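Colleague: I would like to go through this fold with you before our meeting. Could you take me through the strands and then the pocket?

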Amino acid sequence: MTPAIEQAVPQLRAFNRDFSRLMGLLEPRYMGGDLTLVEARVVYEIRERQPVLARDIAHVLDLDPGYLSRTVAALVRRGWVERGTGKDARQRPLSLTTLGRREFEALDQVTAAKTASMLGELDQDSAVRLQSALSQAGDLLFENTERDWSMRTFRPGDMGMVSARQAIIYSEGYGWGDKLEALILEIAANFLRDFKPGREQCWIAERGSRMLGSVFLVEEDERTARLRLLYVEAEARGLGIGAALVRQCSEFARQAGYERIVLWTHAVLHSARSIYAKEGYKVIETEVQNEFGKEETSEHWLLEL
């Protein structure tokens with residue numbers, strides 16, 4: 001077990017305890033209604049999937065089939081759930097009755113109202129941070145790697161986030177220090193101050209409100225553009241984000257009338273180098289430098305459009 005995992009274990013357990021108390025999940029009946037927490041969750045799954053077999057719900061919720069059977073029987077007796085026709089009860093699909101739908105909708109409204117009340121104290125920035133944190137936690141814990149992601153152009157606040165993430169990633173991953181962070185901040189500041197619409201752009205890849213990566217294309221001279229500050233978060237690698245960002249730069253440069261794109265990178269950045277090569281870039285010059293606190297082989301690449 002790594003030190004990071006050792007620290008995360010008590011943090012996650014403490015969060016679970018606090019959240020359970022906050023949402024009243026330890027109470028005998030869910031949200032003060034007639035159902036236990038498990039019964040409420042089973043009803044939710046039936047509503048979302050109906051008609052559905054009990055075995056499918058057992059698989060989704062990882063419940064013991066016998067325990068689920070008793071839970072469903074209790075819901076049937078209460079008049080919330082009904083079974084389809086068939087001799088084998090295990091093969092009779094489950095659906096909500098009219099009473100079940102009505103009662104669960106009322107319970108769902110209570111849950112939504114309590115959740116909204118709980119979040120009501122958050123300001124806009126805090127709400128956005130919470131959305132981002134929940135999205136990231138879901139990706140890490142539940143393997144939500146197939147979720148859709150989108151690409152957009154930059155907006156206020158992005159430069160600070162891009163600069164911070166890249167400085168952290170390169171410091172933790174490669175030991176590059178303050179000088180690189182200063183360079184990143186300088187590039188971002190120059191981009192905002194001297195931005196040339198139609199000739200320059202920054203694209204952000206994101207899922208929900210979670211930033212997954214970015215890239216800049218800036219004017220080098222009348223015929224040459226420069227690709228800068230490409231990065232992709234570790235959690236999002238393998239989704240094709242880096243390649244899509246680089247391709248977006250190529251398409252934009254062609255439309256803007258550039259004849260070539262140049263970039264500067266380092267030999268140790270294997271993933272980025274692979275993306276550049278697949279896009280058609282060629283290494284035109286290499287050099288050894290230690291600008292960021294350790295000796296590295298840097299490379300200059302060129303793409304003829």
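Modeller: Let us start with β3, which is joined to strand β4 (residues 201-207) by 4 bridges, the two running antiparallel. Please keep in mind that this is a predicted model.

Colleague: Which residue stands opposite M151?

Modeller: M151 faces A205 in β4. Another pair places T153 opposite W203, also in β4.

Colleague: And which residue of β5 is the bridge partner of A205?

Modeller: The partner of A205 in β5 is G213. β4 and β5 run antiparallel and are joined by 7 bridges.

Colleague: How many residues lie between β4 and β5 in their hairpin?

Modeller: There are 2 residues between them, and G208 in the turn has a positive phi of about 65 degrees.

Colleague: How many of the residues of β4 are buried?

Modeller: 7 of the 7 residues of β4 are buried, so this strand is largely enclosed by the rest of the structure. Burial here means under 20% relative accessible area. Both faces of β4 are covered: Q201, W203, A205 and R207 are buried on one side, and C202, I204 and E206 are buried on the other.

Colleague: Let us step back to the sheet. What is the order of its strands?

Modeller: The sheet is open and has 7 strands, in the order β3-β4-β5-β6-β7-β9-β8, with mixed pairing. Its edge strands are β3 (150-153) and β8 (282-289), each of which pairs on one side only. On average, neighbouring strands are turned by 25 degrees against each other, direction ignored.

Colleague: How do β8 and β9 run, and how many bridges join them?

Modeller: They run antiparallel and are joined by 7 bridges. Within this pairing, V288 stands opposite T297 in β9. The hairpin of β8 and β9 has 6 residues between the strands, and G293 in this hairpin takes a positive phi near 100 degrees.

Colleague: What about β7 and β9, how many bridges are there?

Modeller: 7 bridges join β7 to β9, and these strands also run antiparallel. Here H266 stands opposite S298 in β9.

Colleague: Now the helices. Which strands does α9 lie across?

Modeller: α9 lies across β3, β4, β5 (210-219), β6, β7 and β9 (296-304), and runs at about 30 degrees to β5.

Colleague: And which strands does α10 lie across?

Modeller: α10 lies across β6, β7, β8 and β9, running at about 20 degrees to β9.

Colleague: Turning to the second largest pocket, what is its volume?

Modeller: The volume of the second largest pocket is about 820 Å³. Its lining comprises 39 residues, of which Y170, L230, L269, A272 and Y276 lie nearest the centre. The elements giving two or more residues to that lining are α7 (158-174), α8 (178-193), β6 (224-232), α9 (241-256), β7 (260-266) and α10 (270-279).

Colleague: Which element gives the most to the lining of this pocket?

Modeller: That is α10, with 8 residues in the lining of the second largest pocket.

Colleague: How many nonpolar, polar and charged residues does the lining have?

Modeller: By class, the lining of the second largest pocket has 24 nonpolar, 9 polar and 6 charged residues.

Note on methods: Residues are numbered from 1 along each chain as its sequence is written. This is a predicted model: local features need pLDDT of at least 70, side-chain atom pairs count only at pLDDT 80 or more; totals for chains, interfaces and linings use all residues. Side-chain values use heavy atoms; hydrogens and water are left out. On a 1 Å grid over the protein atoms alone, a cavity is a set of points where a 1.4 Å probe fits but cannot get out, and a pocket is an open set with protein on both sides within 12 Å along at least five of seven lines; lining residues have an atom within 4 Å of a point. Grid points are joined across faces, edges and corners, and a volume is the space filled by probe spheres set on the points. Ala, Val, Leu, Ile, Met, Phe, Trp, Tyr, Cys and Pro count as nonpolar, Asp, Glu, Lys and Arg as charged, and the others, Gly among them, as polar. Two strands pair if DSSP finds at least two bridges between them. Axes are lines fitted to C-alpha atoms, for helices over the stretch in contact, and angles run from 0 to 180 degrees between N-to-C directions. Contact means heavy atoms within 4.5 Å. Buried means under 20% relative accessible area, exposed over 50%, partly exposed in between (1.4 Å probe, protein chains only).
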